[in-house]
Amino acid sequence: MECEYILNKALDGEKISVDEALTLWQYESLTRLMKAAHTRRMELHPKPVVTWQIDRNVNITNCCISGCRFCNFHCKPTEQDKIFITTIDEYDRKIEEMKRLGGDQLLLQGGLHPNLDVEWYETLFKELKRRHPDVKLHALGPPEIDYIARRSGISIEQTLDRLRQAGLDSLPGAGAEILDNEIRKKISPGKCSADRWCEVMHIAHTMGFATSATMMYGHIENLHQRLVHLDRIRELQSQVPNGQPGFLAFIPWIFRSTGTRLEQEEGISTRFSSVEYLKLIAISRLMLNNVANIQASWLTVGAQTAQLSLWGGANDMGSIMIEENVVSSAGAHNQFDAEGMKRAITQAGFIPRLRDQKYILRD
């Protein structure tokens with residue numbers, strides 16, 4: 001009876017607590033959770049449409065001082081022979097290739113490079129916009145914004161304002177991992193705290209930026225910490241000023257362990273379960289009553305599980321990801337092209353519709 005009561009609350013769009021979500025996770029069947037989450041999804045998005053996107057994920061640099069124990073991609077500042085910074089000519093080549101494939105957005109991420117301050121990023125963004133004014137820059141998660149601000153000796157507000165004037169369009173939810181300070185100290189010691197991540201996002205929302213929220217699960221966190229993470233995302237969204245977009249989507253993905261320090265030093269390996277992932281998607285849809293879109297992470301869970309999640313709360317399949325380096329370097333090797341993406345959505349029983357970063361349909 002308690003699960004029935006909680007499900008009805010969620011279906012009515014009411015807020016369910018962390019403890020109530022934990023009760024659903026522990027005692028409700030996956031079938032009923034997915035059914036309820038799909039019902040809620042169809043209330044928010046009544047048409048049988050699943051959205052997707054074409055963009056390119058370009059790493060600005062691989063030099064990073066964050067020391068993330070789940071990342072094989074980064075290099076320390078002392079590893080001079082391995083460090084790169086993407087050149088303008090390389091950006092041009094990557095952007096032209098993306099345009100030929102129908103893309104209109106760069107997802108720009110890098111590391112916490114000790115020599116790159118706000119002026120450097122301003123110069124980069126301005127030049128990219130000068131050369132490619134029609135390309136959207138979805139760039140720099142909260143840890144990067146926080147680091148650039150500290151490195152430049154200015155506030156978060158000043159950093160975001162200067163970057164927006166230089167061409168920044170929106171912010172990804174990168175670097176969230178698990179929004180728990182103790183977890184972050186253990187897996188990403190050089191990144192900002194969970195509280196600071198939330199603060200940066202709150203400031204971005206008050207300034208009118210569209211953003212996304214993410215979760216990397218399946219490493220050293222426990223179930224309660226995952227649900228608190230969802231609660232923090234929901235609370236942040238409740239503080240978005242009227243008329244501003246805030247979090248447009250939530251995207252959880254499974255930790256991939258191959259070759260990471262977490263695997264080598266603590267024996268923590270990927271423990272992927274499609275049942276666990278589908279349950280997380282369903283609970284996310286039921287808890288996040290104020291976040292419009294839930295995205296399936298086909299890159300880390302594969303096409304079949306992603307397709308199933310479309311019947312359990314997810315309404316978006318994300319990007320075909322013309323280029324992706326960080327998760328792939330830890331063992332995620334799933335791939336999609338545009339035709340494969342549309343085919344997967346159609347096979348799942350939905351209508352594929354191409355979108356942009358702000359979830360505006362392009363076709």
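In this predicted model, the side chains of E127 and R131 meet in a salt bridge, with a separation of 2.6 Å from N to O. Both residues belong to helix α5 (residues 118–131), where they lie four residues apart, so about one helical turn separates them. R131 has a relative accessible area of 34% and is therefore partly exposed.

| Salt bridge | N to O separation |
|---|---|
| E127 and R131 | 2.6 Å |
| E339 and K342 | 3.1 Å |
| E79 and K82 | 3.4 Å |

E79 counts as partly exposed at 24% relative accessibility, and K82 counts as partly exposed at 48%. E339 is partly exposed, with a relative accessible area of 47%, and K342 is partly exposed at 30%. E339 and K342 are three residues apart in helix α15 (residues 338–347), which places about one helical turn between them. Salt bridges with shared partners also join D92, E127, R130 and R131 into one network.

The report now turns to strand β1. Five of the five residues of β1 (residues 49–53) are buried, so this strand is largely enclosed by the rest of the structure. In a regular strand, side chains alternate between the two faces of the sheet. Both faces of β1 are covered: V49, T51 and Q53 are buried on one side, and V50 and W52 are buried on the other.

Strand β1 runs parallel to strand β10 (residues 351–354), to which four bridges join it; V50 stands opposite P352 in β10. Two bridges pair β1 with strand β9 (residues 316–319), also in the parallel sense, and Q53 stands opposite S319 in β9.

Key: Residues are numbered from 1 along each chain as its sequence is written. This is a predicted model: local features need pLDDT of at least 70, side-chain atom pairs count only at pLDDT 80 or more; totals for chains, interfaces and linings use all residues. Side-chain values use heavy atoms; hydrogens and water are left out. Buried means under 20% relative accessible area, exposed over 50%, partly exposed in between (1.4 Å probe, protein chains only). Two strands pair if DSSP finds at least two bridges between them. A salt bridge is a side-chain nitrogen of Lys or Arg within 4 Å of a carboxyl oxygen of Asp or Glu.
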